[in-house]
Amino acid sequence: MQQPIISTTINFVKQQLADAEGGHDWFHIERVWKNAQLIGSKEASADLLVVELGALLHDIADSKFHNGDETVGPRVASEFLTKQNVDAEVIDHVVKIIENISFKGGNQSQKFKSLELDIVQDADRLDALGAIGIARTFNYGGFKNRPLYDPAIKPDLHMDVATYKKSSAPTINHFYEKLLLLKDRMNTQTGKDLAQERHAFMEHFLDQFYQEWNGIV
């Protein structure tokens with residue numbers, strides 16, 4: 001019963017994100033979906049249908065590309081799943097995952113909690129780490145025409161949601177304002193284990209970046 005809705009959802013997401021920015025396109029969704037399947041397989045009590053649908057639809061209409069409107073994604077996902085005759089409880093759970101998955105500066109409390117959200121959130125955060133995370137970060141920085149680095153502009157670790165959304169800081173600052181914080185904010189043991197190597201890779205990248213920036217190597 002689950003495979004047809006997963007296949008239909010994949011096709012829907014591919015269509016919706018056909019022209020998406022490279023860090024938030026179908027391939028990002030696919031990586032998060034695969035991460036979620038891996039993590040979910042380690043959590044015996046997880047509802048894997050909710051996990052897979054949450055992963056596939058978590059960025060169906062990212063607020064960053066909809067003038068900051070956080071209602072679009074949940075609404076699009078809910079309307080799509082309703083048309084597919086998905087159980088109302090599953091739809092409600094998936095919508096709550098979409099509404100609560102984002103980092104948003106990391107300084108606000110999460111209003112909803114579930115094992116399935118933990119899994120999808122870890123899967124999404126893994127894709128913000130390591131080599132892929134670095135590539136996505138600079139891709140988005142270029143998309144927004146942000147400078148690579150400015151030593152005079154220091155990272156802001158105390159942004160509220162509104163300030164985080166409006167930030168136009170250099171791309172390197174994003175490592176300190178989000179990416180390097182994720183390792184210690186993973187929810188599941190599998191997520192924590194997978195984050196370690198990716199975190200270390202980013203630290204090595206930053207060391208190399210600063211050496212090259214300062215003409216040391």
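**A residue and a pocket**

Visitor: Is Asn 173 buried or exposed?
Guide: Bear in mind that this is a predicted model. Asn 173 has a relative accessible area of 1%. The cut-off for buried is under 20%, so with 1% Asn 173 counts as buried.

Visitor: Which residues does Asn 173 touch, leaving aside those up to four places away in sequence?
Guide: Start from its place, which is in helix 9. Asp 150 is 23 residues from Asn 173 in sequence, yet their C-alpha atoms are 8.8 Å apart in space. The residues that Asn 173 touches are Ile 153, Lys 154 and Pro 155.

Visitor: What lies 3.2 Å from a polar atom of the side chain of Asn 173?
Guide: Ile 153 is among the residues that Asn 173 touches. The atom at 3.2 Å belongs to the backbone, and it's the oxygen of Ile 153.

Visitor: Now the largest pocket: which helix gives the largest share of its lining?
Guide: The space in there is about 1000 Å³, and 42 residues line it, with His 24, Asp 62, Lys 64, Tyr 164 and Lys 178 nearest the centre. Helices 4, 5, 6, 7, 8 and 9 each supply at least two lining residues. The largest share is five residues, and it comes from helix 7.

Visitor: How many residues of that lining are charged?
Guide: Sort the lining by type: 11 residues are nonpolar and 15 are polar. Asp and Lys count as charged, and Asp 62, Lys 64 and Lys 178 are among the residues nearest the centre. For the lining as a whole, the charged count is 16.

Technical notes: Residues numbered from 1 in each chain as written. Predicted model: local features only at pLDDT ≥ 70, side-chain atom pairs only at ≥ 80, totals over all residues. Heavy atoms only, no water. 1 Å grid on protein atoms, 1.4 Å probe; cavity = no way out; pocket = protein on both sides within 12 Å on 5 of 7 lines; lining within 4 Å. Points joined across faces, edges and corners; volume = space filled by probe spheres on them. Helix = DSSP H or I, 4+ residues; strand = E, 2+ residues; numbered from the N terminus. Buried < 20%, exposed > 50% of the residue type's maximum accessible area, 1.4 Å probe, protein only. Contact = heavy atoms within 4.5 Å. Polar contact = N/O pair within 3.5 Å; in protein donor to acceptor, adjacent residues only side chain to side chain.
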